Amino acid sequence: MIKRESLLPLETYARERNALRARVIEHKKRRTVRLGDHVTLLFEDELTVRYQVQEMLRIERIFEEEGIQHELDTYNPLVPDGTNWKATMLIEYPDAEERKRMLAELRGIERRVWIEVEGCGRAAAIADEDLERENQEKTSSVHFLRFELEAPMRAALARGAGLTVGVEHPRYQASTVLAPEARAALCADLR
């Protein structure tokens, strides 16, 4: 969880922003998983979420304690707690017409994402706990996912078990075995 005292004052953040941004971009590379050509998962952690909070405070020019606490309350649920992973899922189609058509066809995709720990089976994503992100016509292009890892899964990962991430929707299927660098970044979030 991000504490108020870990945030930089806006003036300090403004001076250090470029260096921090470069660090976060590099950090996110190890935490980003592509599922096929159109779905990306960014596995969040304290650094990625703290950066997002700092950016929101800067953009909105929030100085008051109440506003700062509101941002923390909004974003802290995205920080994993040691027994889970939390990810922002992006559905990306550059062409606006294709995106509109595919978001209609991909309704429910957020509930079809999974992780699989070698020898332990799969854990399905728990999607959009904050609010509903689809309607009768389409799904959203952004979803927030949580993957709960039971103790045997965490233990297997600590012993070096492989990790696969995938999605199985009638209109979109893809999976990938995580590279060692990405796997290590995610496993560092677990207790």
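How many positive and negative side chains does the protein have, and how far apart do the centres of the two sets lie? The predicted model has 30 positive and 35 negative side chains, with the two centres 3 Å apart; Lys and Arg count as positive and Asp and Glu as negative, while His and the chain ends are not counted, and each charge is placed at NZ of Lys, CZ of Arg, CG of Asp or CD of Glu.

Residues are numbered from 1 along each chain as its sequence is written. Because the model is predicted, local features need pLDDT of at least 70 and side-chain atom pairs count only at pLDDT 80 or more, whereas totals for chains, interfaces and linings use all residues, and side-chain values use heavy atoms, with hydrogens and water left out.

Along the principal axes, the C-alpha atoms fill a box of roughly 50 × 45 × 25 Å. Of the 191 residues, 46% count as buried (under 20% relative accessible area, 1.4 Å probe, protein chains only).

Beyond its neighbours within four places in sequence, Ile-115 is in contact (heavy atoms within 4.5 Å) with residues including Trp-85, Phe-147, Leu-149, Leu-163 and Val-165.

Terms used: Buried < 20%, exposed > 50% of the residue type's maximum accessible area, 1.4 Å probe, protein only.
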